[in-house]
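The tour below goes from one selection to the next.

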Amino acid sequence: MSERIYYRQLQLQDYQPLLVLANTVHGAGYLDQPTLAYYHQLGIQQGKDASFVAYQDDQLVGFRLAWAAGNWQPDAWCSPELWPVPAAQVAYFKCNTISPRLQGQGIGGELMQRSIQALKAQGAKAGVAHLWRQSPGNAAVRYFSKQGGQLVKIHPDKWRADSHNGYECVRCGFDCRCEAAEMILLFG
C-alpha cells in the first residue's frame with residue numbers, strides 16, 4: 001500500500017469530493033448533500049464516528065459510510081429473522097467506494113477495518129450490507145466475502161425504485177434491475 005494514503009474519520013469538508021466520487025463511480029443521483037449529511041449522522045454514536053475517508057496526497061480516493069447499531073431500522077430489503085445477532089446489535093455498511101484507478105490496492109479493506117473497530121467500540125456485534133451483484137466480476141460480493149461476510153439473501157431489483165426517482169445506475173440507467181446480496185459480517 002502506498003505510504004501516501006491517509007485515512008481519517010469523515011468530516012464536513014469531505015462532503016463535496018465524496019459526492020463527486022460517489023456519483024462518478026455509482027452513477028448520477030446516487031448521493032446528494034442532504035442525504036450524505038443524514039447518513040453521516042447515522043454513523044455517530046457515543047462520540048465515535050464509523051464513517052471514514054481515504055486521501056492520496058490532497059485528493060479523496062475512497063470512503064466508507066457505516067451506520068451505528070440502533071441508529072437505523074431494517075427495511076423491506078433486510079431479513080433480520082435470518083441474522084444470527086439481534087437487529088438492535090447490527091450496524092449497517094452503507095457504502096464503500098474507491099477511485100477506479102486505485103481499486104484492488106487494499107484501500108477498501110483498510111476503510112472497512114477502521115469502520116469495524118469504530119462500530120465495535122459503539123457496541124455493535126455485526127454489520128449487514130447490500131452488495132451489488134452486478135459489479136464487474138461480482139467484485140463487491142467477493143470483497144465483502146473476503147472480509148468474512150456471509151450471504152443472507154438475494155434481493156432482485158433492490159435499487160429499481162431509486163432509479164425511477166432520479167438515480168442513474170451505471171449498468172441499467174433509469175430502470176435498474178440489479179440484484180443485491182444481503183450479507184452479514186460478525187464482529188469477532
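Buried means under 20% relative accessible area, exposed means over 50%, and partly exposed is what lies in between (1.4 Å probe, protein chains only). This is a predicted model: local features need pLDDT of at least 70, side-chain atom pairs count only at pLDDT 80 or more, and totals for chains, interfaces and linings use all residues. Residues are numbered from 1 along each chain as its sequence is written, and side-chain values use heavy atoms, with hydrogens and water left out.

**Stop 1: salt bridges**

The term means a side-chain nitrogen of Lys or Arg within 4 Å of a carboxyl oxygen of Asp or Glu. The structure has six of them.

Select R4 and D57. Their closest N and O atoms are 3.6 Å apart. Helices (H or I, at least four residues) and strands (E, at least two) are DSSP runs, numbered from the N terminus. R4 is partly exposed, at 47% relative accessible area.

Next, select E110 and R114. This salt bridge has its closest N and O atoms 2.8 Å apart. Both residues lie in helix 3 (residues 107-122), four residues apart, about one turn of the helix. E110 is partly exposed at 28%, and R114 is partly exposed at 30%.

Move to R133 and E179. Here the closest N and O atoms are 2.7 Å apart. The pair links distant parts of the chain, 46 residues apart: R133 is in the loop between strand 7 (126-132) and helix 4, E179 in the loop between helix 5 (160-164) and strand 9 (180-186).

**Stop 2: aromatic pairs**

Rings of Phe, Tyr and Trp (its six-membered ring) pair if their centres lie within 6.5 Å; planes under 30 degrees apart are stacked, over 60 edge-to-face, and the rest tilted. How many aromatic pairs does the structure hold? Nine.

Select Y39 and W67. They form a tilted pair, 5.0 Å centre to centre, with 50 degrees between the planes. Y39 is in helix 2 (residues 33-42) and W67 in strand 5 (residues 59-67), 28 residues apart. Y39 is buried at 16%, and W67 is buried at 11%.

Now select F93 and F144. This pair is edge-to-face: 5.8 Å centre to centre, 70 degrees between the planes. F93 lies in strand 6 (residues 90-98) and F144 in helix 4 (residues 139-146), so the pair ties together parts 51 residues apart in sequence. F93 is buried at 1%, and F144 is buried at 0%.

Last, select Y38, Y39, W67, W72, W83 and Y92. Ring pairs link these residues into a cluster.
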